[in-house]
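Below is a short briefing on one protein chain. It covers charge pairs, an aromatic pair and a surface patch.

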Amino acid sequence: MSRWESLLTVQEHDTRADQLAHRAVTLPGRAELAAVTEQMGALDHNLATVESRRGELSRSQQRLEDEIASLTERANQAEKQLYSGAVTAPRELQALQDDVASIRRRIGQIEDDELEIMELTEPVEAQRAELTTERERLDGEAARITAALAEAEAEIEAELAAVQAQRTEAAAGVPDELWPEYDRLRSQLGGVAIARLAGSTCQGCHLALSAVEIDRIRKLGADDTVHCEECGRLLVRD
Ligand SMILES: [Zn+2]
């Protein structure tokens, strides 16, 4: 195999490796995962708003319950005093009775307020449950995509390792002095440094070389360096 054929084989493996690397970064799962992550972000924002509303309502309810407990305690104390026999003056007894009745009325009002809060809490709880379920669904979706991505990446990595091994083997047949130009042309010309000359057409740029140039090339030795006059790539002649 000529040095140029060896270098072309290296090129084919490098091109394949470039394609695999490109496939790895553009796996559709990446865009899917980004979309799901974005949905999660929006959902978490909504969930935080709902949680905050739920917390407010819960605190309000607790405040009312504390107030009911403290008023019930006061009413019980007053009733205890009322029936203890310690208070005998009718005016005082009447005042105590009025006090108890007033506290009980107040408790009734607060219980109504609490019912209102419980009614407000219901839809908030329902919304929270709905958002939580959706969050779990998205978690599952993200896990599924992540696993599929990892599997696809592993496949690409295995293929890449095989390509690299073949490349190393092919590279052994390439003389050291060819590498600097190969590397330079690869970085300048979209990864393709060397191409076959098929008839008078460069397979790198798919343009035909002039008859004069073809004539000149024909007279060169097998190891002589030939560049495409159109794109500048190294050419492999049959
Ligand atoms: Zn060319």
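Which residue forms a salt bridge with Arg-196? The partner is Asp-238, and the closest N and O atoms are 3.2 Å apart. The two residues link distant parts of the chain, 42 residues apart, with Arg-196 in strand S1 (residues 194-198) and Asp-238 in the segment after strand S3 (234-236). The model is predicted, and it holds 21 salt bridges.

**Salt bridges**

- Arg-196 is partly exposed, with a relative accessible area of 28%, whereas Asp-238 is exposed at 80%.
- Glu-177 forms a salt bridge with Arg-3, with 2.9 Å between the closest N and O atoms.
- Because Glu-177 lies in the loop between H3 and H4 and Arg-3 lies in helix H1 (residues 3-25), this pair ties together parts that are 174 residues apart in sequence.
- Glu-177 counts as exposed at 54% relative accessibility, while Arg-3 counts as buried at 18%, the cut-off for buried being under 20%.
- Arg-144 forms a salt bridge with Glu-141, and here the closest N and O atoms are 3.4 Å apart.
- Arg-144 and Glu-141 are three residues apart in helix H3, so about one helical turn separates them.
- Arg-144 is partly exposed at 45% relative accessibility, and Glu-141 is partly exposed at 27%.
- A network of salt bridges links Asp-14, Asp-18, Arg-167 and Arg-186.

**Aromatic pair**

- The structure holds one aromatic pair.
- The pair consists of Trp-179 and Tyr-182, whose ring centres are 5.6 Å apart; the planes stand at 80 degrees, so the pair is edge-to-face, a class that requires an angle over 60 degrees.
- Both Trp-179 and Tyr-182 lie in helix H4 (residues 179-188), three residues apart, which is about one turn of the helix.
- Trp-179 and Tyr-182 are both buried.

**Negative surface patch**

- Glu-111, Asp-112, Asp-113, Glu-116, Glu-119 and Glu-122 form a negative surface patch.
- Glu-116, one of the patch residues, is found in helix H3 (residues 90-171).
- Glu-116 is exposed, with a relative accessible area of 52%.

**Ser-210**

- Ser-210 sits in the loop between strand S2 (201-202) and helix H5 (211-218).
- The relative accessible area of Ser-210 is 32%, so this residue is partly exposed.
- From C-alpha to C-alpha, Ser-210 and Glu-136 are 66 Å apart in space, and they are 74 residues apart in sequence.

Terms used: Residues are numbered from 1 along each chain as its sequence is written. This is a predicted model: local features need pLDDT of at least 70, side-chain atom pairs count only at pLDDT 80 or more; totals for chains, interfaces and linings use all residues. Side-chain values use heavy atoms; hydrogens and water are left out. Patches are made of residues with over 30% relative accessible area and no salt bridge: like charges are joined within 9 Å, nonpolar side chains (Val, Leu, Ile, Met, Phe, Trp, Tyr) within 5 Å. Accessible areas come from the Shrake-Rupley method with a 1.4 Å probe; for residues, only the protein chains shown count as cover. A salt bridge is a side-chain nitrogen of Lys or Arg within 4 Å of a carboxyl oxygen of Asp or Glu. Lys and Arg count as positive and Asp and Glu as negative; His and the chain ends are not counted. The place of a charge is taken as NZ of Lys, CZ of Arg, CG of Asp or CD of Glu. Helices (H or I, at least four residues) and strands (E, at least two) are DSSP runs, numbered from the N terminus. Buried means under 20% relative accessible area, exposed over 50%, partly exposed in between (1.4 Å probe, protein chains only). Rings of Phe, Tyr and Trp (its six-membered ring) pair if their centres lie within 6.5 Å; planes under 30 degrees apart count as stacked, over 60 as edge-to-face and the rest as tilted.
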